[in-house]
Amino acid sequence: MSDLFFRSPKNPILKPQSDHWWESKKLYNPGVIFDKGKYHMLYRAMGAGENWKSSIGYAVSDNGEDFHRFNEPALTGVDEYEMRGLEDPRITKIGDTYYMAYASFDGVTPRLSIAISKDLIHWDKKGPVFADWQFEQAGGVRIKFDDGKPTIKPKLTEWSKSGAIFPELINGKYVMMFGEYNIWFAESTDGINWIGDQTPFLNPRLGDYFDNTFVEMGPPPIKTEMGWLVLYHGINDKHWYQVGCILLDLQNPRKIIHRSISSIFKPEMSYEMTGIVDVLPGGLHSLQKMNEKELQNFIIESDKNNTMPRVVFCCGATLVDDELRIFYGAGDSVICTATANIQDILHLVK
C-alpha cells in the first residue's frame, strides 16, 4: 500500500546543520500544523555535545517542502525531569491555542508533557500531564530487541510518551491518544492535566502483520467525512517501523470503524533504511561514546547483521484540500515528506 504516497523529490527536506550546535548530529520526528496559509514544523533535534541532548526546533514553509528554520531551538530541557531533552512533538490547535505534546526525558524515563502557545514561537511548558498513571498497571508491556529478536522487558512505571491531541473538544472534553508499545486514550478538562485510561485501546496483532510486535501513536487525528483518521506506527518482529491507519467514529472515537490490514507507508528509500537509529543495539548511551569512524562502522555492521531497524516515524500530518501530507523522521536522522490523496486513503475503508 506504500504506493499510495508520493515522496518529495526534495527528500530529505531537512538535515542536520553543522553551524547550529543543537541540531548538528541529527533531526527527526517533526510535528506539523498547517495554519494561516503556512506549514509550521516543530521538530526534534540533537547536537553532538554531552549526552546528545534533544531539543525542539521550529521551521516554517509555504509549500511543505522548502522550510526556513530558526537559528535557536524553540524549547530546551531545563528541569531535572527533562535533563536529557525533549522528544517527538505533536502539534494541535484548539480555539486560539496551540498545544504541543512531547516527551520529557531524564535519561531513564520519558514522561508525556504539554506546552501551550498563542503564536508557535513563545511556549509555556506545563510539565508532565499525568499525576497518577502507571504504565504496567494500565496494561503496558515493554518490548526491546536483543540480537535482532523482540524480548519482553519488565518493570516500567511512569513510562509515557507519543501523545496526540484531537483538534476539537469531544463531548466537552479534550481527548488524546498516546503511548508506545500500546496505545491508550486520555481525557482532560483543561488540556493540561490529563487522566489516562487503565486499559489499552490498541494492541499489536498476533500473526504476520506489520504491527505484530508493538504499536505507537502517530500524529494528531485528522477529521474526515467518514470519521477520525488516525495514523499510527506498527513495529514488526523484524524491527521495521511502518505506518498504518485506523478510522474512528466521529462522535465516539473509541469505536473503531476500520483498521488497516497492511501498512500504508513503509521504509523503502536509502535515506529511510539506515541512519543513527536510537534503538540500535546498545541505544544512544553506547552510540554517543563512539567517535565518528566507530559509529559509521557500527552502522555498517548492524546493516550487514540484519539488526539495523528500518524506520519511518511520523508525528506530523496535514490535510489541505484533498492532499494528505505526512512529515516523518527517516532513520532517526533526517526529515522527509510525502503526499497522498485523502480519497485514496478513505477508499481503503470503503
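Ile 165 stands opposite Met 176 in β13. The model is predicted: local features need pLDDT of at least 70, side-chain atom pairs count only at pLDDT 80 or more, and totals for chains, interfaces and linings use all residues. Residues are numbered from 1 along each chain as its sequence is written, and side-chain values use heavy atoms, without hydrogens or water.

Strands (E, at least two residues) and helices (H or I, at least four) are DSSP runs numbered from the N terminus; two strands pair if DSSP finds at least two bridges between them. β12 and β13 belong to an open sheet of 4 strands in the order β12-β13-β15-β16, with antiparallel pairing. At its edges lie β12 (164-165) and β16 (194-196), each of which pairs on one side only.

Strand β7 (residues 97-105) is largely enclosed by the rest of the structure, because 9 of its 9 residues are buried, that is, under 20% relative accessible area with a 1.4 Å probe, protein chains only. In a regular strand the side chains alternate between the two faces of the sheet. Both faces of β7 are covered: one side carries buried Thr 97, Tyr 99, Ala 101, Ala 103 and Phe 105, and the other carries Tyr 98, Met 100, Tyr 102 and Ser 104, also buried.

β7 runs antiparallel to β6, to which 8 bridges join it; here Thr 97 of β7 stands opposite Ile 94. The hairpin of β6 and β7 has 2 residues between the strands, and Gly 95 takes a positive phi near 65° in this hairpin. Strand β8 (residues 110-117) pairs with β7 in the antiparallel sense, again over 8 bridges. Ile 114 in β8 is the bridge partner of Ala 101. Between β7 and β8 the hairpin has 4 residues, and Gly 107 in that turn shows a positive phi of about 110°.

### Cavity and pockets

On a 1 Å grid over the protein atoms alone, a cavity is a set of points where a 1.4 Å probe fits but cannot get out; a pocket is an open set with protein on both sides within 12 Å along at least five of seven lines, and lining residues have an atom within 4 Å of a point. A search of the whole structure finds 1 cavity of 30 Å³ or more. Its lining consists of Phe 145, Gly 148, His 239, Val 279, Pro 281, Thr 307 and Pro 309.

The largest pocket has 35 lining residues, and those nearest its centre are Arg 142, Lys 144, Trp 159, Asp 278 and Val 279. Elements that each supply at least two residues of this lining include β2 (26-35), β6 (85-94), α1 (283-287) and β22 (310-320). β10 gives the most, with 5 residues.

The second largest pocket is lined by 14 residues, with Ile 33, Ile 91, Pro 167, Pro 221 and Ala 317 closest to its centre. β2, β6, β18 (222-224) and β22 each supply at least two residues of that lining.

| Space | Volume | Lining by class |
|---|---|---|
| Largest cavity | about 30 Å³ | 4 nonpolar, 3 polar, no charged residues |
| Largest pocket | about 810 Å³ | 16 nonpolar, 6 polar, 13 charged residues |
| Second largest pocket | about 290 Å³ | 10 nonpolar, 2 polar, 2 charged residues |

Ala, Val, Leu, Ile, Met, Phe, Trp, Tyr, Cys and Pro count as nonpolar, Asp, Glu, Lys and Arg as charged, and the others, Gly among them, as polar. A volume is the space filled by probe spheres set on the grid points, which are joined across faces, edges and corners.

Note on methods: Buried means under 20% relative accessible area, exposed over 50%, partly exposed in between (1.4 Å probe, protein chains only).
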